Amino acid sequence: MAKHTLSTLEAFLIFLLVMMTAVTVALLSLLFITSGTIENHKDSGFPVTQSPPTTPGSTATQGSTLTHGSTATQGPPVTTTPEPPLFQNFSGYHIGVGRADCTGQVADISLMGYSKTGQNARGILTRLYSRAFIMAEPDGSNRVAFVSIDIGMVSQRLRLEVLNRLQSKYGSLYRQDNVILSGTHTHSGPGGYFQYTVFVIASEGFSNRTFEYMVTGIVKSIEMAHKNMKPGKIFINKGNVEGVQINRSPSSYLWNPPSERARYSSNTDKEMIILKMVDLNGVDLGLISRGLLFSYSWFAIHPVSMNNTNHLVNSDNMGYASYLFEQEKNKGYLPGQGPYVAAFASSNLGDVSPNILGPHCVNTGDSCDNANSSCPIGGSGMCIAMGPGHDMFNSTQIIGGIIYQRAKELYASASQELTGPLAAAHQWVNMSNVTVWLNSTHTAQTCKPALGYSFAAGTIDGFGSLNFTQGTTVGDPFWDTLRDQLLGKPSEEIKRCHKPKPILLHTGELTKPHPWHPDIVDVQMITVGSLAIIAIPGEFTTMSGRRLREAVQAEFATYGMQNMTAVISGLCNVYTHYITTFEEYQAQRYEAASTIYGPHTLSAYIQLFRALAKAIATDAVANLSRGPEPPYFKQLIASLIPNIVDRAPLGRNFGDVLQPAKPTYRVGEVAEVIFVGANPKNSAENQTHQTFLTVEKYEATSATWRIVHNDASWETRFYWHKGLLGHSNATIQWHIPGTAQPGIYRMRYFGHHRKQDFLKPAVILPFESTSSAFEVVTS
């Protein structure tokens, strides 16, 4: 393809941007690379090698060789919580569910997903939650836990810390093999909870404030599920969801063999898998629904209905589906409260978009559904896919509403009971050095991590900030020279291994201030009777997910476990970007350029997960090698946004009303009040208040104010407007729904301000404020 020629101004601006990044990393390297900054649990060095696959029907997409050792790691001091007695004389499982807030910062932090400079949090649309489900056999001998979390992805550091705290409280009850942490992949959650340099840079530093908030919320949800366990039954159902997804890289999909594509009616996975949990009396406990490629309740779809112009923390379309289901079941409760829990988990969503109107050139209106996602005028920056609504909020509601409605139908008709034993298998694997058996005589190798040129192009859901183009298979001398001068040249080995990917960033060879990408990756699977949940550490494309599911099901069948249902659970345990098929990799669109371990990544994962399936089917899990334990970096690049003292205007106090509510609003209008504000990130540190706002209705019969909405409600929005020298305003909006009852209402604001007296440490103090009362009328 023709190369893009940069203008002098473009080149100069790009050079300044890259230089600033490089200087920052270099300086921070000097500051943070010290002895004792890393706990790196090394491989013991005893190799365990698998033989080439001999399973009948194995193909070039299956098989690999593992070389790693077993490790024994001393954990923290353990204070074991006594196990509550379990009633054993029943048919079914002990089931526990729990939900806890894990929102973290809603200001002064980058939103994680689009990697767009300047897309930082400035308020909140909905809370983010961790939803935990624990299942144990009647005698308590085996148990598994699945946790769906409203975050972009689970980071390795997050998982390691959660497991560490679970071990401290429960001993060996909850472990790396039987606990799956899965991110919903909302692109509107805070970053800052990663340890590898690429993600730390994307997050503009590490935020211990958000990290602690998330860890605490995840652990709390598991603790709640543990305490709430009771005998129950699990039912499974499946069905297609129509009208909510498109394949955002259809030209890549076409690289897959025609005979393979002919077996499927669509280039996305439309099937949703839902688990319905009830107690022995038939009372609902909760659901996990996850669509295979538009599923969470497992379903496979990118939660990117909220686009990269958004600045409000929220859980996007899958979170909205959870919101609707939980509000339906928890009548009379505020969002985030009530006993019923509904999780919509991610699946093989790598090339699946909810922006169903497809890509069009925003300057001409013409379609740009081509191999490069580029427009004749303006290039890739003008090629954007739109959702079905009149704005991103409306699109989120439409897509999430359809997913919820289908899940509700499948839930109501779920009648196939899951029965059978529980099992779990896990290994740590060095994914940069896996030997893949293509057949009985030929092998290939995975690669050290690297990102290709098209990674920088972004997607039709959110294009990159620089002028790169998808489908790039040839490097550019300008960028190659700039990279070589700033970061060093990639080795011939890594360039050869990743072909045909032109390497933009050779992250597997960059180690300052810490490694830029993970080498050690979790592969994990749990089974609940005839259901196998495959925990994948990234984003599988549609066809990649199909191949993996088929391979796992075939492996189970080979060893006597017929009719297994395999479901892909995405964004689990550690993030490693994308996984395409070998054929899709050749096209080098965004997903392929982001397949960091090279063209044989999928084949490696297929063999690894087949090995787990075989171990479960043959009751040989105990014989699996543990693998090389991943590192846990203790000192990380701190957030680049400083903490400063909050200040109210002269003569004003925090919470004073600057713009009052109007006396009267009609249903369908927006009630708005502006207050003297303080930085909302303070509230992630001092959690005196559990919400930034409430909408309250006056009840004349009791002469009291009743809370009808909080900041987890879809109808409310909290905007923070940052000023100079610690000054800020907070705007609270209530988009009055058609269901609102006529009457007298008010809005309240809850915040925290940072105060620091001379020569004294800073303190964070709570405050609250109340608007004037206003009336809501129907017409």
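Start with Asn729: leaving aside residues up to four places away in sequence, it touches Leu658, Ile674, Phe675, Val676, Gly677, Tyr719, Trp720 and His721. Bear in mind that this is a predicted model. Asn729 sits in strand β37, which covers residues 728–735. Is Asn729 buried, partly exposed or exposed? Its relative accessibility is 29%, so it counts as partly exposed. Ala648 is 81 residues from Asn729 in sequence, while the C-alpha atoms of the two are 9.3 Å apart.

Now the helix pair. Helix α11, residues 542–558, packs with helix α14, residues 601–617, at an angle of about 30°, and their axes are 9 Å apart. The two helices are therefore roughly parallel, since angles under 35 degrees count that way. Their crossing is right-handed. On the α11 side, the contact is made by Ser544, Arg547, Leu548, Ala551, Val552, Glu555 and Phe556. On the α14 side, the residues are Leu602, Tyr605, Ile606, Phe609, Arg610, Ala613, Lys614, Ile616 and Ala617. Sorted by class, this contact has 11 nonpolar, 1 polar and 4 charged residues.

Last, the totals. The protein has 14 helices and 40 strands. Of its 779 residues, 59% are buried. Among contacts with a separation of 6 or more, 77% join residues 24 or more positions apart.

Definitions and conventions. Residues are numbered from 1 along each chain as its sequence is written. This is a predicted model: local features need pLDDT of at least 70, side-chain atom pairs count only at pLDDT 80 or more; totals for chains, interfaces and linings use all residues. Side-chain values use heavy atoms; hydrogens and water are left out. Axes are lines fitted to C-alpha atoms, for helices over the stretch in contact, and angles run from 0 to 180 degrees between N-to-C directions. Helices (H or I, at least four residues) and strands (E, at least two) are DSSP runs, numbered from the N terminus. Angles under 35 degrees count as roughly parallel, over 145 as roughly antiparallel, 65 to 115 as roughly perpendicular and the rest as oblique. A crossing is left-handed if the near helix is turned anticlockwise from the far one by less than a right angle, and right-handed if clockwise. Contact means heavy atoms within 4.5 Å. Ala, Val, Leu, Ile, Met, Phe, Trp, Tyr, Cys and Pro count as nonpolar, Asp, Glu, Lys and Arg as charged, and the others, Gly among them, as polar. Buried means under 20% relative accessible area, exposed over 50%, partly exposed in between (1.4 Å probe, protein chains only).
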